[in-house]
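Trainee: Could we go through this one together, a question at a time? I'd like to see how you get to each answer.

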Amino acid sequence: MDAITADAAIDPKLSEALKRWNDYASESAQNVQVLFEAITPVKDTLQIAQQITDSLQRTHWTPTGTNWVNPSALFTAYQELAEIQLAALEKESDCYIRFLTTTLGTGKQITEAMQGASSPQQFLASYLDASLNIVQQYQDDASKQASTLSQIQSAYSAWLQKTLESLSAKTSPEDATAP
Amino acid sequence: MTSQLYVAFSDIMVGAGIVAGGPYLCAKSWSDNTLMENATTTCMDPLTPSVGPNTPSLVRQTSSLASSGKIGTLDNLKNDRIYIFSGQNDDTVTTTVVDQTYKFFTSVGVPESSIKYDKSVDAGHALITNSNTDTSCSLTKAPYINDCNFEQSAVILNQIYSDLKPAADQLSSPIIAFDQSEFIDSDNTSMSDTAYAYVPAACQNGKSCPIHVVFHGCKQGAAVIGDKYYAQTGYNQMAEANDFIMLYPQVQPSNASPLNPEGCWDFWGYSSPGDPDPDYFTNNAPQLRAVHKMISRLAGPRSASASLTKE
């Protein structure tokens, strides 16, 4: 028996779903390119080294000239550190809740998407659409998580610099004689 | 970018309007972070106020630049008038950051009475208009032009110049599209080939008119949103009524060399890729040089002022 081939008609919904996936793949490839362009470890290291050198020269900072026991500066530093840690915990918690919400919703999204499909191609189209939505939600969640981590790291770096500067600030005569 | 142009060329400026923008040199706040890290965290949405823009350090750095002649002298700012805005619902560039813009200018000698800092509006991250075809006030959504029932362009100009006439209903001239590449002498500015200007008929006929430079925000250049920013935000109508020249320089998104995927003006050094110590903030910075050349070409007027919508 010969196999009879014929041009199979593709359901417009399936065609549309495949196009969405294709567009998403192109966009992801572009995003990966942008990400690679943004990673410049040598330049970043040189940049930070230059900035620290400039900052030390501007403030005439020396380790021996730093008053490591400066009660008011230490108190402020601890207070700010506690605020940063609380804010970081809150942000991390938000990210966790976001991921959890996305995960808990995946089953329902796919089930709802499959309802009303009346042919194998439409089932496939609905599944592709729903799964792409889920992938994009996870991607948004991951992006938000990366942004949060960057925010937290930046905050700790800033806190450290601020604390070192405040400890090395020259004390006023009033401070020196305070009980 | 408004702060950068305004501070670098303060000798020809009479004021500025800064909407949802951080202080001058903000990306140089904390040495242990790269410029990009500071730009995208410290200068937009810092984790806590204590690790936001490091204004005392920025003021010291600015003074040093002024002393070495790399920017205008800070005395130029003392008689100017400034408008600053932060939306209460802006989570992109938070009020914590914009508070430091206010603090920066008062620290360099601008009297508080010369600054109008409005943070009373429940707006998202956007330029504000009075058009019900624009985005709802409290949202943060492309094209970042929101209807909050007042025309911010008019408010900015009135703060800088005072007692201006209300916006005109009709324009006397078409908006001019010109070749921006003529003014660009550097390879990585991310600036578009075309920029725009509005020159009212009176200014074209020989009247000496002030120039107002309007910087669009990220994702608001003509390459992204067409004429929405340079033609539909009310600046041209104010220009028509009050004989100003409006200049709309343009940048566009770029995914590689320079890396500027959002089409922002350079506030962290992308216009000098590969340079660990980029100049994006002095009177020799690539984008600032280009804009200054455009101003000089349009010059003839007695004064110039700068306005930015957002960064």
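Trainee: Which side chain of chain A does B:Asp45 meet in a salt bridge?

Mentor: Before that, a word on the ground rules: this is a predicted model, where local features need pLDDT of at least 70, side-chain atom pairs count only at pLDDT 80 or more, and totals for chains, interfaces and linings use all residues. Residues are numbered from 1 along each chain as its sequence is written, chains are lettered from A and ligands numbered from 1 in the order in which they are written, and side-chain values use heavy atoms, with hydrogens and water left out. A salt bridge here is a side-chain nitrogen of Lys or Arg within 4 Å of a carboxyl oxygen of Asp or Glu. For B:Asp45 the N to O distance is 3.9 Å, and the partner is A:Lys91.

Trainee: How many salt bridges are there between chain A and chain B?

Mentor: Over all chains, the structure holds 14 salt bridges. Between chain A and chain B, though, the count is 1.

Trainee: And which element gives the largest share of the side of chain A that touches chain B?

Mentor: Start with the elements that give two or more residues to that side: α1 (12–38), α2 (41–59), α3 (71–114) and α4 (120–168) of chain A. Helices are DSSP runs of H or I with at least four residues, strands are runs of E with at least two, and both are numbered from the N terminus. The largest share, 13 residues, comes from α4(A).

Trainee: How much area is buried between chain A and chain B?

Mentor: In contact, meaning heavy atoms within 4.5 Å, are 33 residues of chain A and 29 residues of chain B. Buried area is the accessible area (1.4 Å probe) that two parts lose on being put together, summed over both. Carbon and sulfur atoms give 57% of it, and the total is about 2800 Å².

Trainee: Which residues of chain B does A:Ser157 contact?

Mentor: A:Ser157 is found in helix α4 of chain A. At a relative accessible area of 15%, A:Ser157 is buried, as buried means under 20%, exposed over 50% and partly exposed in between (1.4 Å probe, protein chains only). Leaving aside neighbours within four places in sequence, the contacts of A:Ser157 are B:Asp32 and B:Asn33.

Trainee: Is B:Ser31 buried or exposed, and which residues does B:Ser31 contact?

Mentor: B:Ser31 sits in the loop between β1 (13–19) and α2 (35–42) of chain B. With a relative accessible area of 7%, B:Ser31 is buried. Neighbours within four places in sequence aside, B:Ser31 is in contact with A:Ile48, A:Gln51, A:Ile52, A:Ser55 and A:Gln161.

Trainee: Which residues does B:Ser3 touch?

Mentor: B:Ser3 belongs to helix α1 (residues 2–8) of chain B. The relative accessible area of B:Ser3 is 5%, so B:Ser3 is buried. Not counting residues up to four places away in sequence, B:Ser3 touches B:Ile18, B:Gly22, B:Tyr24 and B:Phe105.

Trainee: Back to salt bridges: how many residues apart are A:Asp23 and A:Lys19?

Mentor: Their side chains meet in a salt bridge at 3.0 Å, N to O. A:Asp23 is partly exposed at 38% relative accessibility, and A:Lys19 is partly exposed at 46%. Both lie in helix α1 of chain A, about one turn of the helix, or 4 residues, apart.

Trainee: What about A:Glu80 and A:Lys162: how many residues apart are they?

Mentor: Their salt bridge is 3.1 Å, N to O. The pair links distant parts of the chain, with A:Glu80 in helix α3 and A:Lys162 in helix α4 of chain A, 82 residues apart.

Trainee: Are B:Asp134 and B:Lys228 buried or exposed?

Mentor: Those side chains meet in a salt bridge of 2.7 Å, N to O. B:Asp134 lies in the loop between β4 (127–129) and β5 (135–136) of chain B, and B:Lys228 in helix α8 (residues 228–231), 94 residues apart. Both B:Asp134 and B:Lys228 are buried.

Trainee: Last one: over which residues of chain A does pLDDT stay under 50?

Mentor: pLDDT is the predictor's confidence in each residue, from 0 to 100. Chain A averages 85, and 86% of the residues score at least 70. Where pLDDT is low, the predicted coordinates should not be read in detail. The stretch you want has 0 contacts beyond four places in sequence in the model, and covers residues 172–179 of chain A.
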